[in-house]
Amino acid sequence: MNAAQANATQPGAPQPAPERIPVIEVRDLVKRFGKAVVHDHVDLDVYRGEVLSIVGGSGSGKTVLLRQIVGLERPTSGTIKVFGEDPARLSPAQLQALRSRWGLQFQRGALFSALSVIDNIALPLRELRALPDNLICQAALLKLQLVGLSARDADKMPSDLSGGMIKRVALARALSLEPELLFLDEPTAGLDPMASDDYVALIRELRRELGLTVVMITHDLDTLVALSDRVAVLADHKVIAAAPIAQVVEVDHPFIREYFLGERAQRALQALPQPGQPAAPPPGEA
Ligand SMILES: Nc1ncnc2c1ncn2[C@@H]1O[C@H](COP(=O)(O)OP(=O)(O)OP(=O)(O)O)[C@@H](O)[C@H]1O
Ligand SMILES: [Mg+2]
């Protein structure tokens with residue numbers, strides 16, 4: 001299979017089935033910083049209810065793509081629509097309203113070190129000034145429990161938390177506005193394998209319970225295999241494939257060979273369901 005065949009978003013590709021409702025539509029996106037090209041005519045769709053993972057080498061533009069989708073960075077040309085609206089064309093008030101429909105867990109610097117756990121989670125709610133403070137605290141406590149932490153952790157400071165707890169608090173904050181769409185940038189980076197498996201199990205559960213659409217950037221193959229419905233591969237400044245993993249690994253491209261076909265990758269890919277067999281239990285649920 002070549003890259004074009006594996007990329008369901010290429011012009012001329014078959015139309016998506018009617019139930020596949022696009023939540024994010026990236027069209028002909030070009031992003032340059034000065035003369036440096038990051039994205040060169042990128043197309044990508046994300047459909048409601050799916051987990052789409054974005055992979056690509058370091059510096060391939062994964063985070064920049066996400067920043068453009070959420071309106072933190074402007075495209076050089078091309079269009080991006082999220083829930084049918086282009087973040088780059090909205091007024092600050094309209095963008096604020098759109099932003100409340102998604103949650104973001106950033107790659108770096110997840111929490112404000114001067115704020116307690118509960119205040120970190122409550123921050124997006126306080127910024128909206130939509131609720132009285134006692135209700136904000138209650139809502140933040142519920143989110144804390146949703147990510148598997150307890151009220152005892154509420155007054156801890158970020159410096160008192162383990163790596164896995166920091167990720168969970170950051171996730172609770174991303175969920176504080178009850179988003180339909182969740183962006184995760186390297187959510188399991190820096191976690192030990194057990195904490196990483198626990199986090200993956202949590203995302204699976206939340207997705208099932210909350211019906212979330214998830215866009216996730218990850219280098220971690222186990223996380224990728226355990227969570228993704230489709231994988232978009234960024235290479236050569238383009239999306240060279242956007243398809244289920246089983247199709248992506250068939251694409252003949254040096255990055256894909258290196259990333260998916262090494263020994264470690266082969267071990268991770270064994271967790272994929274074989275034809276006619278039920279899926280292996282996900283990490284943390286075995
Ligand atoms: N504000 C900026 N100004 C100039 N160049 C930038 C800016 N932000 C990102 N870049 C460049 O854009 C390219 C893509 O960066 P990006 O952070 O998206 O990479 P990435 O794929 O997320 O990498 P990693 O896997 O290491 O996180 C890099 O070359 C980076 O240096
Ligand atoms: Mg990045």
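**Close-up 1. A three-stranded open sheet in a predicted model.** Reading across the sheet, the strand order is β2-β1-β4, and the pairing is antiparallel. Going from one strand to the next, the twist averages 15 degrees.

**Close-up 2. Where β1 meets β4.** Here we look at strand β1, residues 22-33, running antiparallel to β4. Five bridges hold the pair together in the strand assignment. For one you can pick out by eye, go to V30: its bridge partner in β4 is S77.

**Close-up 3. The shell around ligand 1.** Ligand 1 has F33, V38, G56, S58, G59, S60, G61, K62, T63, V64 and Q107 around it. Which helix gives the most to this shell? That's α2 (residues 62-69), which puts in three residues. Sorted by class, the shell comes out as seven polar residues, three nonpolar and one charged.

**Close-up 4. Helix α4 packed against helix α6.** The two helices, α4 (residues 117-128) and α6 (residues 163-174), pack at about 30 degrees, and their axes are 7 Å apart. Because angles under 35 degrees count as roughly parallel, α4 is roughly parallel to α6. The crossing of α4 past α6 is right-handed.

**Close-up 5. Who touches whom between α4 and α6.** From α4 come V117, N120, I121, L123 and P124, and they meet V169, A172 and R173 of α6. The contact residues split into six nonpolar, one polar and one charged.

Methods:
Residues are numbered from 1 along each chain as its sequence is written. Chains are lettered from A and ligands numbered from 1 in the order in which they are written. This is a predicted model: local features need pLDDT of at least 70, side-chain atom pairs count only at pLDDT 80 or more; totals for chains, interfaces and linings use all residues. Two strands pair if DSSP finds at least two bridges between them. Helices (H or I, at least four residues) and strands (E, at least two) are DSSP runs, numbered from the N terminus. Axes are lines fitted to C-alpha atoms, for helices over the stretch in contact, and angles run from 0 to 180 degrees between N-to-C directions. A residue is near a molecule or strand if its C-beta atom, placed from the backbone, lies within 6 Å of it. Ala, Val, Leu, Ile, Met, Phe, Trp, Tyr, Cys and Pro count as nonpolar, Asp, Glu, Lys and Arg as charged, and the others, Gly among them, as polar. Angles under 35 degrees count as roughly parallel, over 145 as roughly antiparallel, 65 to 115 as roughly perpendicular and the rest as oblique. A crossing is left-handed if the near helix is turned anticlockwise from the far one by less than a right angle, and right-handed if clockwise. Two residues are in contact if their C-beta atoms, placed from the backbone, lie within 7 Å.
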